[in-house]
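Reader: Hi! Could you walk me through a structure I have open here?
Author: Happy to, let's look at it together.

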Amino acid sequence: MPLKMGVATVTMNRPPVNSLNTEHLETLHRTFIRLENEKCRGMILTSSSPTVFSAGLDIREMYKPELEKARKFWRTLQDMWLKLYSSPYPTVAAINGHAPAGGCLLSLSCEYRVIVPKVRMGLNETQLGIVAPQWFQDCMRNAIGEREAEKALIAGRMFSSEEALKVGLVDEIAQNKEECIQKAEAFLASQANLPMLARKTVKLGFRHQTLSRLLTGREADTKIFIDYIFQPKVQKGLEMYLQSLSKKAA
Ligand SMILES: CC/C=C\CC/C=C/CC(=O)SCCNC(=O)CCNC(=O)[C@H](O)C(C)(C)COP(=O)(O)OP(=O)(O)OC[C@H]1O[C@@H](n2cnc3c(N)ncnc32)[C@H](O)[C@@H]1OP(=O)(O)O
């Protein structure tokens, strides 16, 4: 995590696809706490993979899990998201590869999104037979508005880079990762002279309702997750999905 002029680039590096398991989520959470403590002036979130930003939640954490491990996994996800979504410093996602589901959530939690061409992003949970939690849905709604979010979430739609730009899911398209980072830096530079306290207060004002909804309902949200994934038909669906992913690799 190099800090250049107070700006940090956080590069996710969990091969092959930056899927989010408990350990990776803890690392991200600790990183966001550290950036806040160090009075970071801005953060770019990106990935070391040439093709994937993040494949979202690690499905193996949800497939035949132990109850306590599944609870811990979900609480860690909540902790990480609460820190990122409420960060006092400006945040940009440099989406240099595919960003399904939890990968899309990470980018939606930043303030500004730049994407490379020919990748896909979206909250595709419905297609997997799972449900994007309310706070995932809120993030999508906050980015693209009620109507488009409802359509996208019901269908579990994955957007191409061009479609994402058209609907407002991302702010810019860059030709490659290098340009993606340049555009992310340009956004952060455009924020640098704004008074930090005023900027942060307005940001949190806009995000307050979405944050409160989870903060006041964390236990209920965890219960919904646990009750849902422990259903035999959901487990069967996850098993089939995992098989289809590894068949593809074979
Ligand atoms: C009520 C609430 C209840 C539940 C809420 C739960 C919320 C969940 C949100 C989520 O984030 S669910 C995760 C959704 N993610 C996906 O659907 C993405 C699946 N992956 C892909 O589409 C592709 O892997 C990719 C486009 C990201 C990359 O494609 P490619 O570069 O061709 O890689 P491979 O598909 O060959 O995958 C390589 C390797 O990685 C494994 N893998 C991929 N994604 C995941 C994942 N999300 N979790 C765990 N493992 C994953 C894949 O199986 C391959 O493994 P091998 O061992 O076969 O090499």
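Author: What follows is a short chat about a few residues, the ligand shell and a helix pair. This is a predicted model, where local features need pLDDT of at least 70, side-chain atom pairs count only at pLDDT 80 or more, and totals for chains, interfaces and linings use all residues. Residues are numbered from 1 along each chain as its sequence is written.

Reader: Great. Where is the place of Glu111?
Author: Glu111 sits in the loop between α3 (102-109) and β6 (112-115). Helices (H or I, at least four residues) and strands (E, at least two) are DSSP runs, numbered from the N terminus.

Reader: Is Glu111 buried or exposed?
Author: Glu111 is buried, because 21 other C-beta atoms lie within 10 Å. A residue counts as buried with 20 or more other C-beta atoms within 10 Å of its own, exposed with 12 or fewer, and partly exposed in between, with C-beta atoms placed from the backbone.

Reader: And what does Glu111 touch?
Author: Setting aside residues up to four places away in sequence, Glu111 touches Pro90, Thr91 and Val92. Contact here has C-beta atoms, placed from the backbone, within 7 Å.

Reader: Switching topic, which residues come nearest to the ligand?
Author: Gly56, Ala101, Gly102, Leu245 and Ser246 come nearest, of the 29 residues around the ligand. Near means a C-beta atom, placed from the backbone, within 6 Å of the molecule.

Reader: What's the shell like by class?
Author: The ligand shell has 18 nonpolar, seven polar and four charged residues. Ala, Val, Leu, Ile, Met, Phe, Trp, Tyr, Cys and Pro count as nonpolar, Asp, Glu, Lys and Arg as charged, and the others, Gly among them, as polar. Both α9 (218-229) and α10 (232-249) supply at least two residues of that shell.

Reader: Nice, so how do α2 and α9 cross?
Author: The axes of α2 (residues 67-85) and α9 come within 10 Å and cross at roughly 135 degrees. Axes are lines fitted to C-alpha atoms, for helices over the stretch in contact, and angles run from 0 to 180 degrees between N-to-C directions.

Reader: Which residues make the contact?
Author: Among them are Trp74 and Gln78 of α2, with Phe225 and Ile229 of α9. By class, this contact of α2 with α9 has five nonpolar, two polar and four charged residues.

Reader: Last one: which helix holds Gln137?
Author: Gln137 lies in α4 (residues 134-144). Gln137 is partly exposed, because 18 other C-beta atoms lie within 10 Å.

Terms used: Contact = placed C-beta atoms within 7 Å.
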